[in-house]
Amino acid sequence: MVKRSFDIILSVILLIVFMPLMILVAVLIIRKLGAPCFFLQERPGLNSKPFNIIKFRTMLDKVDETGSLLQDEHRLTQLGRFLRSTSIDELPELWNVIRGDMSLVGPRPLLMDYLPLYSKEQSRRHHVRPGITGWAQINGRNAISWEDKFKYDIFYVDNHSLWLDIKILFCTMKKVFLREGIRSSGHVTAEKFQGTLSIDS
C-alpha cells in the first residue's frame, strides 16, 4: 500500500509538472508524423495480465510492397530518436501508473509474444507490477543482454522496497541525462528476445 500510494502521488505530481511539455510533444508528433500522437500496445502486467501501455509515437507507419511494416531503422524518425534517447516517449505511462497497470519502478513490460519464451525463473518478473524504469534500466538498459536484464528483474522482485525504488528513480534521472544504454549494439531499438536455453524452461 505504501508503494502504491507513493506511485499515485508522485505520478500525479509529475503529470502536472510535465503537462506543458507533453502537450508540446503531442503537437510536434502530429505535425511531423501525423495522427495519432500516442502509441498503444498490449503488454503483460502483474501476473501476466494484459493491459494497454501508452507511449508517445516515435515511428512512421511505413510498409513494404506486401503491406508489412518496414524494419525499425526505416521507420524511426529524428524526432522519434530524440524522444527515445531522452525517455520523453515514456511520459504517458504515468497514466498507466495512476490506473494501476504499472508502477513507477519495476521490470519493464515487454511484448506479449515473449511470454512463452521465458524460463520459469525469468517468468517471475511478472510477480510484481511492471515499471516505467527498473533495476535493469539503471544497470545497462538496452546495452546489456536479455539474460542479464532478466537477472536484474528477478533481483528486484526478490528485493523490492520503497527505498530501492527511490534509489532507482534517482539513478534513472542520471542515466536519462547522460543518455546511457539507449540502444543495443547494431540496433536502433532493443533487439528482440528469442528465448533462452535453460534447464528450468
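Predicted model: local features only at pLDDT ≥ 70, side-chain atom pairs only at ≥ 80, totals over all residues.

Colleague: Why is Val12 called partly exposed?

Modeller: Val12 has a relative accessibility of 35%. Val12 is found in helix 1, residues 2-32.

Colleague: Of which surface patch is Val12 a part?

Modeller: Val12 forms a nonpolar patch with Ile8 and Ile16. Together, the three residues have about 250 Å² of accessible area.

Colleague: What makes strand 2 largely enclosed by the rest of the structure?

Modeller: Strand 2 covers residues 50-56, and five of its seven residues are buried, so the strand is largely enclosed.

Colleague: How do you know that strand 1 and strand 2 are paired?

Modeller: Pairing requires at least two bridges between the strands. Seven bridges join strand 1, residues 38-44, to strand 2, and therefore the two count as paired. They run antiparallel, and Arg43 stands opposite Phe51 in strand 2. In their hairpin, five residues lie between the strands, and Asn47 takes a positive phi near 60 degrees.

Colleague: How many cavities of 30 Å³ or more are there, and what lines the largest cavity?

Modeller: A search of the whole structure finds one. The largest cavity holds about 30 Å³ of space, and its lining includes Pro44, Gly45, Arg108 and His126.

Terms used: Residues numbered from 1 in each chain as written. Heavy atoms only, no water. Buried < 20%, exposed > 50% of the residue type's maximum accessible area, 1.4 Å probe, protein only. Helix = DSSP H or I, 4+ residues; strand = E, 2+ residues; numbered from the N terminus. Patch = residues over 30% accessible without salt bridge, like charges linked within 9 Å, V, L, I, M, F, W, Y side chains within 5 Å. Areas by Shrake-Rupley, 256 points an atom, 1.4 Å probe, with all protein chains shown as cover. Salt bridge = Lys/Arg side-chain N within 4 Å of Asp/Glu carboxyl O. 1 Å grid on protein atoms, 1.4 Å probe; cavity = no way out; pocket = protein on both sides within 12 Å on 5 of 7 lines; lining within 4 Å. Points joined across faces, edges and corners; volume = space filled by probe spheres on them.
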